[in-house]
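Welcome, and take a moment to look around before reading on. The headings below will guide you through the model one topic at a time.

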Amino acid sequence: MQPVTRIVGTAAPLDRSDVDTDQIIPASWLKRVERTGFGIGLFSAWRENDPDFVLNRPEFGGAKILIAGPNFGIGSSREHAVWALTDFGFEAVVSPRFGDIFRNNATKTGLVPVVVSEEFGEALLRAVEHDPTLEIMIDVAEGWISAPSVGLESEFTLDEFTRHRLLEGLDDIGLSLRHVDKISAYETGRPAWMPSVDPD
Amino acid sequence: MSKTLSEKLWERHLVHEAPGDQDLLYIDMHLVHEVTSPQAFDGLRLANRPVRRPDLTLATADHNVPTIHIDRPIADPVSATQLRALDTNCAAFGIELYPLAHPNQGIVHVIGPELGLTMPGMTVVCGDSHTSTHGAFGALAFGIGTSEVEHVMATQCLPQIRPRTMAITVDGDLQPGVTAKDVILAIIGMIGTGGGIGHIIEYRGSVIRALSMEGRMTICNMSIEAGAKAGMIAPDDTTFAYVEGRKYAPRGVLWERALDDWRTLPTDSAAEFARDVALDGSAIRPHVSWGTNPGQVVPIDGAVPSPESFDDAGAREVAARALTYMGLVPGTPMREIAVDTVFIGSCTNSRIEDLRLAADVVAGRTVKPNVRAMVVPGSMMVRAQAEVEGLDRIFKDAGFEWRAAGCSMCLGMNADKLRAGERCASTSNRNFEGRQGPGGRTHLVSPAVAAATAIAGTFATPSELG
Ligand code: SF4
């Protein structure tokens, strides 16, 4: 994973709540066995059926930040949703509430989930709708999101572990493997009734 | 100190905890399927890492498998490639796999419990959000993404943020004809699709205690539709009776030891939950969803709501969008809405008890002309058991298609899909736009309502059939 410290760019306003991962990347795209090439599937049903859909509007082309309503990324665990967003060019998603699995998946790939209050999210969304060129800054190190030219700014929280990983671009499997002795010690104490799979 | 069931399980599985770190949890069972694993195996290969505990890992093919002609080569080349990747990866990393047409193959969340691989006190994960199903046994079970799948493969552990606790208590007695599916739909209708985010839900109360294991699995399965990290039910004699004697259940002295252990798991009487929600079970009616998320439900006696009936502007907008997509007019009684398709299947409602219930409703009756109705058993074991009981004949005689095991029309990755504009009564768990096929319209119902609806052609309960 590449380190992410600061994101500066324009945003696309997705004025919908309860955006589930089936919408972000429909099931027909999930047959691929690679991690790349999902950008063309991003919101494909909405992009195909609605010419006014935000990602079809040229003024929001090149946006690095997606601003959505509450409960973004609920539903299916498919990490393909994150891969589709990053492949399309998004580096952060702003929402008052994320589905837990989506949020975890995002941080593994370096897509920053920015949790803001409903009021701030709404204000930012309106500001971007009003001015698609509005510049937004996300400071991962400090936990701030701001749109200086319209005077909007807010803190956002990331747990320490996730922030550290994002800033340093660390592989979290490597981090867990630092505790391999503890893992081995834990394994010796597991109850004997726990199942293990026999080969057929 | 008094603890809840989920707190006890969390603490038992802590491998490492430190300020500034996430808790590192040990994983007792990792279930793997073809859709969310190929990129994880690739990651292992790139980093030259083995699977740490192949013996705590089981794979099956379920999401992307055909449910007819399973003895023939797979027609879709992309699907075939994905299933081949699972074969190759499992062979290369030493993981036991139940492939298409294997007698133990089926939906991950159906086969884990039926093999006895899901037991109280365990941590169970899978690259699938409905892993919450396994919480019905008093296990801590949750869905993970592909990076986490790779993480578990490499370390048998997962770094996690500790969720908050939430109790949902359903007391009273269910009325006749009301099922576990109706209970969970009523719960999601009440707390909403984001109501459980950041929480582990423990379901409690007399209604939950009275449910069979199949019913409890249906409830825990849909915890994720309320946004919850996991759903759990304390283990009791119903749980133990279900587990005893299954392929991987402990035997003899180990069984006794396991029982002693499992009896210590239920939430202590003085333990407190961060959130408490209560429902009157006696008031729950059979439910039908009308919208495009699982919180948009009404009792079957109700009508399609009008967007204006919602308090906040956001909900009004979501409702209006959903009604347009669903092609529904506010005020239409649910019972007058006609369906094109009935799907009985998915990890929510495809177990033997679900099929018995549905077969009971359709026995001696005929599916309404022009309604396509199909039954997709959750596993090949469920299918075999149903055939021993003659349920397949009952379904086929009534006009249902009888299929092999898989996710099928629950997510429409294989050929079983709704066409645009088609309306479906489905026992699955998600009515998202396009979930069962692009443009398809899904109404979530119980197996009893699905079966009755297949006969009536419009939403119905078994008691209304002539
Ligand atoms: S049946 Fe549906 S919800 Fe369950 S695992 Fe399969 S696709 Fe997911």
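## How to read the model

This is a predicted model, in which local features need pLDDT of at least 70, side-chain atom pairs count only at pLDDT 80 or more, and totals for chains, interfaces and linings use all residues. Residues are numbered from 1 along each chain as its sequence is written, chains are lettered from A and ligands numbered from 1 in the order in which they are written, and side-chain values use heavy atoms, with hydrogens and water left out.

## The ligand and its surroundings

Where does the ligand sit? The ligand is in the largest cavity. A cavity is a set of points, on a 1 Å grid over the protein atoms alone, where a 1.4 Å probe fits but cannot get out. To sit there, a molecule must have more than half of its atoms within 2 Å of the grid points.

The shell around the ligand is made of B:His63, B:Ile107, B:His109, B:Asp128, B:His130, B:Ser346, B:Cys347, B:Cys407, B:Cys410, B:Leu411, B:Asn429 and B:Arg435 (a residue is near when one of its heavy atoms lies within 4 Å). This shell has 5 nonpolar, 5 polar and 2 charged residues. Here Ala, Val, Leu, Ile, Met, Phe, Trp, Tyr, Cys and Pro count as nonpolar, Asp, Glu, Lys and Arg as charged, and the others, Gly among them, as polar.

Rolling a probe the size of a water molecule over the atoms shows where empty space is left. A pocket is an open set of grid points with protein on both sides within 12 Å along at least five of seven lines, and its lining residues have an atom within 4 Å of a point. The largest pocket holds about 1000 Å³ of space (points are joined across faces, edges and corners, and the volume is the space filled by probe spheres set on them). Its lining counts 43 residues, and those closest to the centre are A:Ser17, A:Asp18, B:Gly314, B:Ala315 and B:Val318. Helix H11 of chain B supplies the largest share, 8 residues, while helix H5 (118-130) of chain A and helix H6 (180-191) of chain B also give at least two residues each. Helices (H or I, at least four residues) and strands (E, at least two) are DSSP runs, numbered from the N terminus. By type, the lining splits into 16 nonpolar, 15 polar and 12 charged residues.

The second largest pocket has about 650 Å³ of space. Closest to its centre, among 26 lining residues, are A:Met1, A:Arg35, A:Lys108, A:Thr109 and A:Gly110. H2 of chain B gives the most to this lining, with 4 residues. The lining of the second largest pocket has 9 nonpolar, 8 polar and 9 charged residues.

## Salt bridges

Side chains of opposite charge can pair when their charged atoms come close. How many salt bridges does the structure hold over all chains? There are 40, each with a side-chain nitrogen of Lys or Arg within 4 Å of a carboxyl oxygen of Asp or Glu. One network of them links A:Asp15, A:Glu122, A:Arg126 and A:Glu129.

Some pairs stay within one helix. A:Arg163 bridges to A:Glu160, with the closest N and O atoms 3.7 Å apart; both belong to helix H6 (160-168) of chain A, 3 residues apart, about one turn of the helix. A:Arg163 is buried at 12% relative accessible area, whereas A:Glu160 is partly exposed at 48% (buried means under 20%, exposed over 50%, partly exposed in between, using a 1.4 Å probe and protein chains only).

Another pair reaches across the chain. B:Arg162 and B:Glu11 meet at 2.8 Å, N to O. This pair links distant parts of chain B, 151 residues apart: B:Arg162 lies in the loop between strands S8 (157-160) and S9 (164-171), and B:Glu11 in helix H1 (5-12). B:Arg162 is partly exposed at 36%, and B:Glu11 is partly exposed at 31%.

## Two positive phi angles

A:Asp18 has a phi near 55°, a positive value in a residue other than glycine. A:Asp18 belongs to the loop between strand S2 (11-14) and helix H1 (21-24) of chain A, and is buried at 16%.

B:Asn48 also is not a glycine, yet its phi is positive, about 60°.
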